[in-house]
Amino acid sequence: MRLPFLSSLRSVVLALHGGSDPRHLAAGFALGAALGLVPKGNLFALVFFLLFFVFNVDSGMAALSAVVFTAVGYLIDPAAHAVGRALLTAGFLRPLWTALYDLPVVPLTRFNNTVVLGNLVIGLLLYPFLYYAALRAVRAYHERYKERVERWKIVQAFKGWGWYQSYHRWLGR
Amino acid sequence: MSWINWKNLVKAAVVFIVVWVLVVLFFDPLLRWGLVHAGEAAAGAKVDIGSLHTSFRRGTLTMSDVAVANKHDVMKNLFQLDEAEVSFSPGAALRAKVVIPTAALKGLQLGTPRKTSGALPASKPGKLAQLVEKQLAPAKEKLDFDVSKAKNAAAEVDPKKLESLKGLDDAQQQLSQTGNKLKGQLGVDKIDAQIKDVEAQIKQLQSGGNNAAQIARKAKLAADLQAKIKGLLAQVQQSRQAVDQQLGAVRGQLAKADDLRHKDVNGLLAAAGLPTLDAESLTRHLLGPAAAKKISTAVYWISWIRQRSASQKAKAQQPPPARRRGVDFEFPRAHTYPAFLLEKAEITGKMAALLEGKDMALQGLLTGVTSNPPLYGRPAELTLKGAAAGGGPAMALQGTVDQTKEPGALRLKLHYAGLPLSGLGLGDEQLGASLKGGVGTLDGDIGVVGDQWNGTVRLDASGVTLSPQVKLSGPAAGYASQALSGIRRFGVTIGLSGREDDLHLTMKSDLGQAVASGLSSAFKGAVAQQRAQVEAKVNALYAARRQQLQSQADALQKQLLAPLDRQQAQLNDQLKRAVSQGLGRALPKGFKLPF
C-alpha cells in the first residue's frame, strides 16, 4: 500500500536530487502551505488545488507542505478566527464584502467565514516569506548537503528504481 | 522553464469534469451525509435520515424517515418525521444561500422511543445541562437516620462556615462595584450639558425673522435638533437599561444567597446526623431526575436557537467557535435574501395511542426561520396544535423568536392537557414511587429578552395513584409509604431566571411537602424542633444584613434613576417644543416641513 504522505516524501526526495528547479520546489512549498491553512470544503480549496495543476510547481512538495500546514492551520485557528473577524467587521471593508457577497458563485468560497478568511489572509501574507525561505533552503541544501545525502543507501535505492529513471528522462525532455 | 504547465491544464480540466460528474452522481448521498453530520452537531445526538432525493430542475428536496434523538434522554427521539418535502431556490443556492419558500413536514411524532441509543460517542453534557442537573437533580442525601444518635445541630452554627454569609459578601462587593461603575458610566453631567445646549438652540428657533432664507435655516436647525434630542433620549434609555440590568444582577446574587441559607440549614442538620425533611430537597429527590431531563432539553434548544438567530453584532461578541468552524457573517444588500430562510413550513403529524388508545392529531406552521432576522424583518414563529378526536388530550405550543431588533426576544408557551402520567417513576429505590393512572396538565411559559431568562413550567397531576417503593429503616418507611399512597393529586412548578451562563432554577411541589410531613411524624417532631433552632440561629446572622443590602440596592437604583427620569422628561418636552413651538410660530400657514 502506498501512503500519500510517504509517496509525497519520496517525491520530494527525488525532486531534490533529480534536478528540479528550486523555484518550483519553493513555489510548491508556499502554495501547499496556503492550501493547508485554508479549511477544506469550499471553493478556495478547489482553486488552490487547481493552481497546483496550472502552475509548474513541484506537486510532491506542495502535497507534503499542505499536509504539514493543515496541522498548523488547526493550531493557529484561534488567531485566524480573530483576524477573519477583524476584517469582516471592519467598517471600511464592508462595501467590498457586500459586493463580493452579492456575486454568484463567490459566496461558495465562504470568504465570509472568520476562519476561512483569516487563514487565507495569513496564507497569502506568508506566501512570499515561505517562498523565499524555501528557495534559500533548497539552494543551501544543494550546495552543502546534496552530495553527502546522495551517498545514503535509501536515496541510492530510490534512484535505482525504474520509475525514477523514467522520471529523470521526463525531466530531461 | 515556464511557470504555466499547459499539459497539466488539460489534465486539470479532465479531473475537474470527472469530479463534477461524481459530485452530481453522488450528490444525494453526500448531502444526506452532510445533513446528518450538521444535524448531529446541532442536536448533540444521533440523527437518522432514511432516504434523500434532490431535484435541481424542480428545486425540491425530499427526505423520508427522519429521526432526531434527544441528547438528554437518549432512548427517545426528540421528534421524527415520516417525510419532509422542501422546495428551494436553485438561483439562491448559487450564491451559497438556502432559500425555502415552502416546506411540508409530514408525520411528525414527538418523544417516540428508540430501539438503539441516540447518544453520540464523544457527547458530553453541556454547561447548561450541568447547571440544570446541579440545581434540579437530587443531591446525594442520606434518608435513613437514627435520631437518638443525632448531635445538637444549632450548636454547630459557625458564621465563618456559612456559605450564605459568603453569598452576602459577594452581593455587597457586587453592589459597591456596580455603584461605582454605573456612576462613571452613565455620564449624567454630560447629558445635562447637552440638554442645556439644546435648550439654547430651541430659543434660537423662536427668535429671528420669517423670510424664506431664515425659514430654511430654521427648518434645518429643527431637523438637526430633533435628531440630537432623539439620540440623547436613546442614550438615556440605554443608561436606564444598564441600571436595571446591573442591579438585577445584584438582586440575583441576593436570591442566590437565600438559596445558600437554605442549603446551610440542611447541611447543618445533615452534619448533625439528622434528616433535613426539607420539602424542596424531597421534591428534588422525587421529581428532580425526570424534571432535569425535560428542562435540559428545553433550555438546550432555546439556547441553540438564540445563538443561531443572533444578530451580526451579537455574533461578533460570541466566544470563539470550535476549531476549523469559524463564524459566518452576512453582507446582504437591502431587499435580498439572507443566507438561510425558511419562509413557511406546514407541519402535520400525530401522537399515537396517548391516552386510552386515543391518537392526537398534530397540525402546525413554522414561519420566518432565518439566519439574518434584521434583514428579513419578521420574527420566526411556530404554532403547533394537537387534539384527540372526541375530546381527551390537547396541546398548544407557540414559539416566537424576534431578533429583528436589539435586544432579541424569545417566547415559548406550551399548554398540554391530558398528559398521560401512568408508568412515570419518581425518586429512587430508597424513597420513590411509580404512578398508576392519572393525567397531567402542563403549562410552560419561558421568555428570554436580551440575556435575561425568565419563565415557569407547571405540571398539575390529578387522579393519580402512587405505588410506593420505600426502603427506609424504622418507622420512617411506614410513614413515607403512607404519605405517598395517600396522594391523589400534586403540582410541581419549576422557575427559571437569570442569565444563560448563570441560570437560576427552583422547583416547588406539594408532593415534597406531603412526604416531608409524613416523615416528620416518624421522627415525632424531633427534627422540626432542631430545624427551627438552626434556622433561628442562621437567620439571626443573615436576615438583618440581607435586608440592609436589599435596601441599599433599592436606594442606589432610585438614586441612579432619578436624574435619568428627569432627563427623559426634559428631553421629551424639548422634542415636543422643537417640533411644534419653535417652527409653528416661524412657518407661514400651509407651509409643509421637508422632514
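A: Let us begin with the elements: helices (H or I, at least four residues) and strands (E, at least two) are DSSP runs, numbered from the N terminus. Chain A, read in this way, has nine helices and zero strands, and from the N terminus on its elements run α-α-α-α-α-α-α-α-α. The model is a predicted one, in which local features need pLDDT of at least 70 and side-chain atom pairs count only at pLDDT 80 or more, whereas totals for chains, interfaces and linings use all residues. Residues are numbered from 1 along each chain as its sequence is written, while chains are lettered from A and ligands numbered from 1 in the order in which they are written.

Q: What percentage of the residues in chain A is buried?
A: A residue is called buried if 20 or more other C-beta atoms lie within 10 Å of its own, exposed if 12 or fewer, and partly exposed in between, with C-beta atoms placed from the backbone. In chain A, 39% of the 173 residues are buried. Contacts are a separate matter: two residues are in contact if their C-beta atoms, placed from the backbone, lie within 7 Å. Of the contacts in chain A with a separation of 6 or more, 85% are between residues 24 or more positions apart.

Q: How is the packing of two helices described?
A: Two packed helices are described by the angle between their axes and the distance between the axes. Here the axes are lines fitted to C-alpha atoms, for helices over the stretch in contact, and angles run from 0 to 180 degrees between N-to-C directions. For helix α2 (residues 22–37) of chain A and helix α3 (residues 43–54) of chain A, the axes come within 9 Å and cross at roughly 160°. Because of that angle, α2(A) is roughly antiparallel to α3(A), a label given to angles over 145 degrees, while those under 35 count as roughly parallel, 65 to 115 as roughly perpendicular and the rest as oblique.

Q: Which residues make the contact of α2(A) with α3(A)?
A: From α2(A) come Leu31(A), Ala34(A) and Leu35(A), and from α3(A) come Ala45(A), Phe48(A), Phe49(A), Leu51(A) and Phe52(A). By class this contact has eight nonpolar, no polar and no charged residues, where Ala, Val, Leu, Ile, Met, Phe, Trp, Tyr, Cys and Pro count as nonpolar, Asp, Glu, Lys and Arg as charged, and the others, Gly among them, as polar.

Q: Which helix of chain B does α3(A) meet?
A: The axes of α3(A) and helix α1 (residues 6–25) of chain B come within 7 Å and cross at roughly 140°. Leu50(A), Phe53(A) and Val54(A) of α3(A) meet Asn8(B), Leu9(B), Lys11(B) and Ala12(B) of α1(B), and the residues of this contact divide into five nonpolar, one polar and one charged.

Q: How many residues does each chain bring to the contact of chain A with chain B?
A: Chain A gives 29 residues and chain B gives 25 residues. On the side of chain A that touches chain B, α3, α5 (77–88), α6 (94–102) and α7 (114–150) each supply at least two residues, and the largest share, six residues, comes from α5(A). By class, that side of chain A has 16 nonpolar, eight polar and five charged residues.

Q: How do the strands of a sheet pair?
A: Strands of a sheet pair through backbone hydrogen bonds, either parallel or antiparallel; two strands are taken to pair if DSSP finds at least two bridges between them. In chain B, strand β1 (residues 47–55) and strand β2 (residues 60–70) pair in the antiparallel sense over eight bridges, with Thr62(B) in β2(B) as the bridge partner of His53(B). Their hairpin has four residues between the strands, and there Gly59(B) takes a positive phi near 70°. Ten bridges join β2(B) to the antiparallel strand β3 (residues 73–87) of chain B, and these two form a hairpin with two residues between them.

Q: Is Ala352(B) buried or exposed?
A: Ala352(B), which is found in strand β6 (residues 340–355) of chain B, counts as exposed because it has 11 C-beta neighbours inside 10 Å. Not counting residues up to four places away in sequence, Ala352(B) touches Gln109(B) and Asp359(B).
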